[in-house]
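Biologist: I would like to learn how to read a model feature by feature. Please give the general idea each time, then the case at hand.

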Amino acid sequence: MAWLPGAYHAAQDFLAAGFAEAVRRRRSPLDLVFVDMDLAHVGDRGALRRLRSDIVLPARAAGISMWLGGISLGGMVALDYAASYPGELDGLCLLAPYLGNRMLTAEIAQAPGLAAWQPGELAETDEERRIWRYIKSRRTESRSLYLGFGRTDRFAAAHELLAATLPADSVDVIEGGHEWSTWSKLWENFLESHFA
């Protein structure tokens, strides 16, 4: 599993938050890679291309199951990867993902259901609309998607929109906000349910 950090976070933050230790403690059959992302390249798709060439394709060529995990902005990048390269991932673990600006999520919320919402032509160039087009169409995809977030997270309203498209056992909502203590607990819960 390759983990993508949020804005202004780094790979080292996952170690400090105990993500690797939680795997070691359980002796889970899971190898972790923590990725540093340069925010300057998120919108130009360079980050996706590097993630694909440096991590995902080599793992798949070696016969390794590949999951992407993302926190906040890293969750959006993980979703954009899944939308851009269908079939290359075995699953997504999204903790409090950034799912778009409030104008976009309000537009989606005002539609009579996600099925009725139309992403429009901007979905070709706008990653926020592209990830929602993917979420809308992924019902036909068998890949696992796990969503975890805190009840008082500042993006909780958008998380609820995504949660409504997922089976109940793929969503974990706990007390907490948009912070490492919440994400660490969600990670522990994910490991218990998927890699115990």
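**Sheet, pockets and a salt bridge**

Modeller: In strand 5, S144 is the bridge partner of G91. This is a predicted model, in which local features need pLDDT of at least 70 and side-chain atom pairs count only at pLDDT 80 or more, while totals for chains, interfaces and linings use all residues. Residues are numbered from 1 along each chain as its sequence is written, and side-chain values use heavy atoms, with hydrogens and water left out.

Biologist: How many bridges join strand 4 to strand 5?

Modeller: Strands of a sheet pair through backbone hydrogen bonds, either parallel or antiparallel. Here strand 4 (residues 91-95) and strand 5 (residues 144-150) run parallel and are joined by five bridges. Two strands count as paired if DSSP finds at least two bridges between them; strands (E, at least two residues) and helices (H or I, at least four) are DSSP runs, numbered from the N terminus.

Biologist: What is the strand order of the open sheet?

Modeller: The six strands are ordered 2-1-3-4-5-6, with parallel pairing. Strand 2 (33-34) and strand 6 (171-174) are the edge strands, each pairing on one side only.

Biologist: How do I find empty space?

Modeller: Rolling a probe the size of a water molecule over the atoms shows where empty space is left. A pocket is an open set of points on a 1 Å grid over the protein atoms alone, where a 1.4 Å probe fits, with protein on both sides within 12 Å along at least five of seven lines; lining residues have an atom within 4 Å of a point. The largest pocket holds about 230 Å³, where volume is the space filled by probe spheres set on the points, joined across faces, edges and corners. Its lining has 13 residues, with M1, L30, D31, I64 and S65 closest to the centre.

Biologist: Which helix supplies the largest share of the lining of the second largest pocket?

Modeller: Helix 5 does, with four residues. That pocket has a volume of about 160 Å³.

Biologist: And salt bridges?

Modeller: Side chains of opposite charge can pair when their charged atoms come close. The whole structure has nine salt bridges (a side-chain nitrogen of Lys or Arg within 4 Å of a carboxyl oxygen of Asp or Glu). In one of them, R26 pairs with E192, with the closest N and O atoms 2.7 Å apart. R26 lies in helix 2 (residues 19-26) and E192 in helix 8 (residues 180-194), 166 residues apart.
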